[in-house]
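Dear colleague,

I am handing over the structure that we spoke about, and below it you will find an account of what was found in it. Please open the structure beside the text as you read.

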Amino acid sequence: MNMPTTEAPAAVATLSMTGISKSFGGAAALTDVSLEVLPGEVHALLGENGAGKSTLMNVATGTIRPDRGIIAIGGEVVDVLDPREATRRGIAFVHQHPAVLPDMTVLENLLVALPASILPRGASRLDVAHELLATVGLKVHLSDRVETLSVAQKHLLEIAKALAVKPSLLVLDEPTAPLGQDSVDMLFALVRDFVAQGTSVVYITHRLAEVRELADRVTVLRDGRLRATAIVDEISDRELLSLIVGRQLDSTFPPKFDGPREGATSFAATGLTGPGFNEVSISAQRGEIIGVAGVVGNGQSDLLRALAGLASFDGAVEIEGRAVTGKELLARAAYLPADRLSEGLMMRLSVRENAAVSALRRFRSGLLISRKRELGMLGDTLGSLSVKAASLDAPVSSLSGGNQQKVMMARALLSEPVLILADEPTQGVDVGARAEIYGILREVSAAGIPVIVASSDAKELEGLCDTVIVMSRGHVVDTLRGAEITEERMIHSAVSSTTRTVNVDDVRNDGADERAAGRRASVRRFLQGDYAPPVLLAIVMLALGAFIFAQNDRYLGDFNISSMLLLTSALGFIAMGQTIALLTGGIDLSVGPLVGFLVVVGSFFILNESPTTSILLGFAAMLAASIVVGLVNGALIRYVKFTAIAATLTVYIALQGLSFLLRPTAEGFINSEVSRAITTKLGPVPIAFIVLVLVVIGLEVALRRTPWGWRLRAAGSDEESARRVGVEVNRTVVLGYVATSALTFLGAIMLMTQIGVGDPAQGVAYTLSSITAVVLGGTSLLGGRGTFVGTLFGSMLLIQVLNATVFLRLDQMWQYILQGVLILAAAILYAIARSKRRRRATARP
Amino acid sequence: MADTSMPRSLTSARVSISKGLLTVAISLVVLVVVSAILAPSSVSPGAVLGMLPFAAVLAIVGLGQMLVVQQGGIDLSVPGGVSLAVVLVTHMPNENDALLVPAVLAAFAWAIGAGLLNGFMVGRLGLNPIIATLGTNALLFGAVLGISGGIPRTTTRLLASIGGGQTLGIPHAVLFALGALILVSILVKRTVAGRRFEAVGASPAAARATGLRYRTHQGAAYVWSQLLFATAGILLAGITNQPTAFQGNTYLLTSVAVVVLGGTSLLGGRGFPVATVVAALFLSQLDQFVLALGVPFAVRTLVQAAALAIGVAIYTVNWAALRQRFARASAPAAIATP
């Protein structure tokens, strides 16, 4: 075939990779691939799915370390390349899945990902940020939460982040996939503008049209090997196509359907439109296998999901002449997802449990499942598919890919389906098992059950299917029958397609409206923002306060105010700590026993007769103990991989034990002068409460304005994305737990003055009340979003409610009922508000 | 066809023993042996008969918690649920045996109500289980105080003989616990709904892809758990002569502890009923043993914490990866100490 036809590079290559090889578990992903990217060129990387394009670029950006080969950046050979080093040397990679943090605002996403030199503190920061967004044509407000952005907008944000660091090499992986026409034009203009300044771009794509429009040179990969590198203008589409196709496939296929051409239609779908696909029509007669071809992620999986009843769709589906609804499909169609690991099989369960799960009713005799019947039917089906496993009790995760796929098939067959939908049925399946799977699909189809197979492997569809639709960006771009079904034709249709993604709203045209309806937009933004819950709480507190005051005017007396505020201070500090734990996406159950334990520790040093040095030592010991506890919690969670609940529960019990170990009974009276100093008041307001408010303000500012706050929320919002933008998640979370414990220490000082003695049984209740206060304040238990101000108000409201029952002469019952109603009302309200915001339906619970 | 004409048929064992069961069972045996050597009084018939009813109550509560935890949830309304049942069956009859049956029915009705509330909030509204059950717990305690006014009442004689009595030397509570264990095991392993329930716990995403109504199963777990909590509460009222209104408080953390010790992951997955019950026995005997040694309460609690830490570590730590990590010479220091 063609060998590289490039002339000698005039300048030093931006990136030069020579003889790169990489294999994963024995399977070669890249074999002896070389690539050279010159300054100021757009270099397209072309090839089928699995050809090794993304792997090669992951090697170039340091994410994957090659087994062999030399990488040189700017002419300098780099021995060990890791992502940070790659970034330092000016390589930026825009992944197919943007590394954005959904709970943070657009501006915060920029701030956490970009070095401070690009977005300097001060007045110019917003201008720079606006400019970055304008460069990529992203019309969103800087304080919009990224969660509310569309997929395309998130992509543009990702590109904006990559461009901001002014890289010398920009890698774009299928950048146009989620974009509409306007955005694509803008992106292309951007890329051209960019290379004109001397930067290099590697452009990974499947589409010949984009290569022609944008690229200077093109490199084609196939099966992890370099096919050719050529100058785009010197190579024809036909030549490129012949370089892409021609993959060797050793599988044998069963004979195709050879019944009469005008048989009865057994499956027909007309004008199907749904999330990710548009106006799809297919039909097949009894005995025919339908193929869905196209590059991965062009609506094939979405189509299959909809046909499985897992997503809603418009249009008609008929099976054996009868119209079926989505609900019936959910119950009667058998769906074999491409992602066996997370969606296809229950990996923790056995072969038997997996195969049986869709057909349990058939095994029933009386009320119970008959073991004999179950084993009999399972044995027959699994045997006929020749599933190889140690036993029926073997965990399904211990099987090979091919056998796992067969277990899924057995599950499908046992459920007596009306339709079988197989997404990538041979992905990760060895050659021998492939042939068997093709045979099974053919047999099922011959038995009269319609079979639809989606595959990115055109060769496979060529061998297996009787009719094939080719999808691109959600549209059917070609329908093939009989002899037309060839790999070349399918790939040709897919790569020469110029259709654009359906269902995108990337360029919102409300830019002008925004200003007109500026007030409305800012109200909406406020309601979606973090500060709506505190405002709500403030209103509730004022209303409740007014109501109680109307009943009993001693309510606002100095004594009551100062005692409420003192109680709030103890709870408040602890709840601030809890807020940090929840922001990281965890929880700290140990704060209650910790606060008790710290008081016990203090009761050894801070006594009436103690000298000043001993008192200072006491506070130091308390602080040190709290820091150790925080480190233990954090280390158990991040390094030993306990769940947050299990880790802090263990520490909870241990701390209780330690308290009783130090003080089997309540002893050690706290120095009264220290207590008096801590409870000093300014008018009716305790100084401690003022300190709490200052701490809250400080923390709030730190959370919004400092890298510490951004990293904390980033780690809690989406760990994977946070890691990709350079956040050290382990460190951040461990320090978060240390901060939680340190704030609990402040709470312990307050509690110490309240109980006045080293009592080992005190404090435990603070675990649940701190969680309650935080939740009332609107902080999410999912991590990543919340406010300290909300927690402060939550603590105040909680104390106020407990206090209210005294003034309203309600008994203890009402304390509990009011607390319960408050928690549930807040939780339900915030959940509803949040689900409205998040319109996209998620499959995973 | 493959190499042979007929592929060898796959077999299934009737009994399977999980890693968790093996761990806790061995631990229990070791503990009993150590108890017999170091503190023989802790395994005397009297001590064992005194311990077993409480272990049985903990086992039943643990089974309820396990059903929720295997669905990836957690039920913090244990104290409220147990306490409410205790209060209902002591206050409603007020030592009148004739009113015991309506009181028990009322306890189960309340349990179903509380379970539905939790299930609806978690399964339907998608609330975080920690918040939802925390709120429900507060409401249940509101009911507890509303009914009892916080004042304990004496158990009826009938309930005392049912809950606290013995047959053939076996405490009734143990029989109830065994009954609950068998019932839970059969329901989960041998009914259509139970098998689906287990599948949903093992992988909600895969369950959804096969068309199961996973949210319904996730919500239903809270109803089952409340029913078991109520059962435990009724028994507890029978065992304790004058139970307080806050009798359930001690079961919140211990219920989670026995579930974790039994090998059920807090992230959801498969539940291990037998292992959970054995873990309840283990924790109770551990208490007895440490008590018989005469060490203070503090040490008992520390031993519990250690048991929990070791238990969780056995299941969660990826030992193979850890060995590799330490094998690597230039492994970075874990964390800096201040």
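**Where the two chains meet**

Chain B and chain A bury about 6700 Å² between them, with 73% of it on carbon and sulfur atoms; buried area here is the accessible area (1.4 Å probe) that two parts lose on being put together, summed over both. Of the area that chain B buries against chain A, L10(B), R190(B) and R195(B) supply 11%, more than any other three residues.

Before going on, please note that this is a predicted model, in which local features need pLDDT of at least 70 and side-chain atom pairs count only at pLDDT 80 or more, whereas totals for chains, interfaces and linings use all residues. Residues are numbered from 1 along each chain as its sequence is written, chains are lettered from A and ligands numbered from 1 in the order in which they are written, and side-chain values use heavy atoms, with hydrogens and water left out.

Counted by residues, 72 of chain B are in contact (heavy atoms within 4.5 Å) with 78 of chain A. Between chain B and chain A there are two salt bridges, a salt bridge being a side-chain nitrogen of Lys or Arg within 4 Å of a carboxyl oxygen of Asp or Glu. One of them pairs E374(A) with R195(B), where the closest N and O atoms are 2.7 Å apart. On the side of chain B that touches chain A, 46 residues are nonpolar, 18 polar and eight charged; in this division Ala, Val, Leu, Ile, Met, Phe, Trp, Tyr, Cys and Pro count as nonpolar, Asp, Glu, Lys and Arg as charged, and the others, Gly among them, as polar.

R270(B) forms a salt bridge with E353(A), and their closest N and O atoms are 2.9 Å apart. R270(B) lies in the loop between α11 and α12 (273-292) of chain B, while E353(A) lies in helix α12 (residues 351-356) of chain A, so the pair joins two chains. Helices here are DSSP runs (H or I, at least four residues), numbered from the N terminus.

**Enclosed spaces**

The search found four cavities of 30 Å³ or more, a cavity being a set of points, on a 1 Å grid over the protein atoms alone, where a 1.4 Å probe fits but cannot get out, and its lining residues having an atom within 4 Å of a point. Grid points are joined across faces, edges and corners, and a volume is the space filled by probe spheres set on the points.

The largest cavity holds about 160 Å³ of space and is lined by 19 residues, of which E48(A), V295(A), S456(A), I491(A) and A494(A) lie nearest its centre. Its lining takes its largest share, four residues, from α17(A), and by class it has 11 nonpolar, six polar and two charged residues.

The second largest cavity has a volume of about 50 Å³, and among the residues that line it are W110(B), L140(B) and Q226(B).

With best wishes

Definitions and conventions
On a 1 Å grid over the protein atoms alone, a cavity is a set of points where a 1.4 Å probe fits but cannot get out, and a pocket is an open set with protein on both sides within 12 Å along at least five of seven lines; lining residues have an atom within 4 Å of a point.
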